[in-house]
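Thank you all for making the time this morning.

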Amino acid sequence: MRRDPDVRGYFGEFGGRYVPETLVEPVEELERAYFDVRDDPAFAAELNRLLKHYVGRPTPVYEATRLAAEAGGARIFLKREDLTHTGAHKINNALGQALLAARMGKRRIVAETGAGQHGVASATACALLGLECHVYMGAEDMDRQALNVFRMRLLGADVHRVDAGSRTLKDAINEAMRDWVTNVVDTYYLLGSVLGPHPYPLMVREFQSVIGREARAQFRELTGGLPTAIVACVGGGSNAMGIFDAFIEDRDVRLIGVEAGGEQIIRGRHAARFAGGSAGVLQGTRTFILQDDDGNIELTHSISAGLDYAAVGPEHAWLRALGRAEYAHVSDAEALDAFQRLARLEGILPALESAHAIAYASRLARELGPSAALLVNLSGRGDKDVQSVEKALAQKDRS
Amino acid sequence: MSRLAGTFRRVKSEGRPGLVTYTTAGDPDLPRSGAILEALDRAGADVLEVGVPFSDPLADGPVIQRATERALAAGSSLRATLTLIGQVRPRIAAPIVVFSYANPLLRMGLDAFADEAARAGVDGVLALDLPIEEAGGFRDTLAARGVDTIFLLSPTTTDARIQKAAELGSGFLYGISRLGVTGARDRVASGAEALVRRIRAHTALPIALGFGISRPEHVAEVGAYADAAVVGSALVSVIADAGSSPDLIERVEQYVRWLRGAAEGRTQHAHA
Ligand SMILES: Cc1ncc(COP(=O)(O)O)c(C=O)c1O
């Protein structure tokens, strides 16, 4: 099973390039430029230098023994993407693409952001490389991730508020694509997950695959073997693809993606595409989406802004169809509980996104028992979520 | 000959630029949207584009985004659009083109959509985010029912892809005058004529030019090199401004007659 999509950008029946006509040629230009740098040792050397000296890679794999003891079962290991510069895996991709944009001679960057982590990572990469940065963000997300809005502005980015639709990530992507189609001559669209038209799903996965490469070697060194299962949260799916990628050929290693179950799996109250969705086209790609009978996109909900999105990366839809990966979901309440447990038991505040993976891993650890070992991608740190969590806990106390 | 081909032939023989109008189905609501289509036809629009409202219109500017929201709130959808077209079709002479994002069409299923569109009397379909590379099966499915597939071409489109669109498309080709989303502008984009000439080199199909056209002078200017001008956002603004006022239909009709007024006087401009 070779892991590149076909020439039209399809992973099986998912992926492709569903863009307005004006973007077809720019997307092809991007594909050519990406394939050029993909095999260019000088590009890799520059990116690796930054990943090591600027981002702080490799990030450690840490065994969370107190979390595991409380869960009562399998060993639990955390891949610490929360320790990267800027605090989430998003920086791996943002730096890769910003370097590519600079090579293509595009000095103006547009990006979307949900949790704000991709926006912060993009603003950071642009500051570092001297590029102009515009970040689109849903109004609801600007409120619940206010800290990240301020960080982006301090880093010199323009943050544009998006009031349309559900006022979250999906609407930010619409607006970023409108900017791109208007300013396409000098503008690079720095997409933050394994979404959108080909080559984005492939390119973002490749920039994130450093996570799995490191983790596989680190895990072997720590335990002498491979994990029973990998667990990662899935918004668009970039941190999950990044850690899954190195383990795809290890058929005995279960790959588990965790979606946002929100309040409940009923229309509009969750973001679990594989639980409530079906195949369709959104924002450039054919994949699993949450839609109604007329093909309109349904509203989504999650306590976590980074998972609150109606589509999932096409490669995930393909891995699921092949039976190579499994997908589960975790509710807002379970994620909130995992957030607190990891803080109290391990002294780590996880991002609310990552807390979904922690919650599911704790559940699975109990199920699988002590002979198993789980590797969880701790995709980001939770500083940005402190206010949301405080609010959610206060609400819980009242009810 | 398809109704679209016949219309463009007649427009050409009359020596004037054609006028293509865009409205969103169900804006401000379904009954009035039907009355608007009839008014457009009466006022002399040559081709009626009917937009299917979609929750995420990423190629549209604010004016059509708002129209989409009004239409969705009024209960419009792809199905409702086709029903509406079926109802007004017998009273309208102009060809009708469905303008949609891909997902509603895919959700209904391409075969089911093509059947229903043909039954409703739809003459052509334009799917905004279904570029040539993804549209092969779609085009064949429509062609089998005698429905034209219309492709958009942009200043960024390469000659090789213009060639492909000319081979696969029928009815007419739609040139996008400028980079960006839909929306009315003060002037016609400077690269528009060059795009039309580039398309012309590959095809004998009629060419309609859209994006940013709002005034009779624009229609006349575009008519000097293209077969028709498309007016969308500006017309949708007339509908939005009229709101629930009782003279909505009258205002729409007046606006189109105003646009057509200049269309009639094309010959002067064409030879200028
Ligand atoms: C820490 C963190 N984890 C996960 C995600 C979800 O994105 P993805 O599924 O692409 O990893 C985000 C997105 O904002 C994030 O900030």
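I will speak about the salt bridges and then about the ligand.

A word of caution belongs at the start: this is a predicted model, in which local features need pLDDT of at least 70 and side-chain atom pairs count only at pLDDT 80 or more, while totals for chains, interfaces and linings use all residues. Residues are numbered from 1 along each chain as its sequence is written, chains are lettered from A and ligands numbered from 1 in the order in which they are written, and side-chain values use heavy atoms, with hydrogens and water left out.

Let me begin with the salt bridges, by which I mean a side-chain nitrogen of Lys or Arg within 4 Å of a carboxyl oxygen of Asp or Glu. Over all chains, the count by this rule is 66. One of them joins A:Glu132 to A:Arg108, with 3.6 Å between the closest N and O atoms. A:Glu132 belongs to strand 6 (residues 132-138) of chain A and A:Arg108 to strand 5 (residues 108-113) of chain A, so this pair ties together parts that are 24 residues apart in sequence; helices (H or I, at least four residues) and strands (E, at least two) are DSSP runs numbered from the N terminus.

How exposed or buried are these two partners? Taking buried as under 20% relative accessible area, exposed as over 50% and partly exposed as in between, with a 1.4 Å probe and protein chains only, A:Glu132 is partly exposed at 40%, whereas A:Arg108 is buried at 13%.

A further salt bridge links A:Asp293 with B:Arg107, at 3.7 Å between the closest N and O atoms. This pair crosses between chains, running from the loop between strand 12 (284-289) and helix 13 (314-322) of chain A to helix 5 (residues 102-108) of chain B. A:Asp293 counts as exposed, at 60% relative accessibility, and B:Arg107 as partly exposed, at 30%.

For a nitrogen atom of the ligand, the distance to an N or O atom in the side chain of A:Ser379 is 2.7 Å.

Thank you, and I am glad to take questions.

Notes: Polar contact = N/O pair within 3.5 Å; in protein donor to acceptor, adjacent residues only side chain to side chain.
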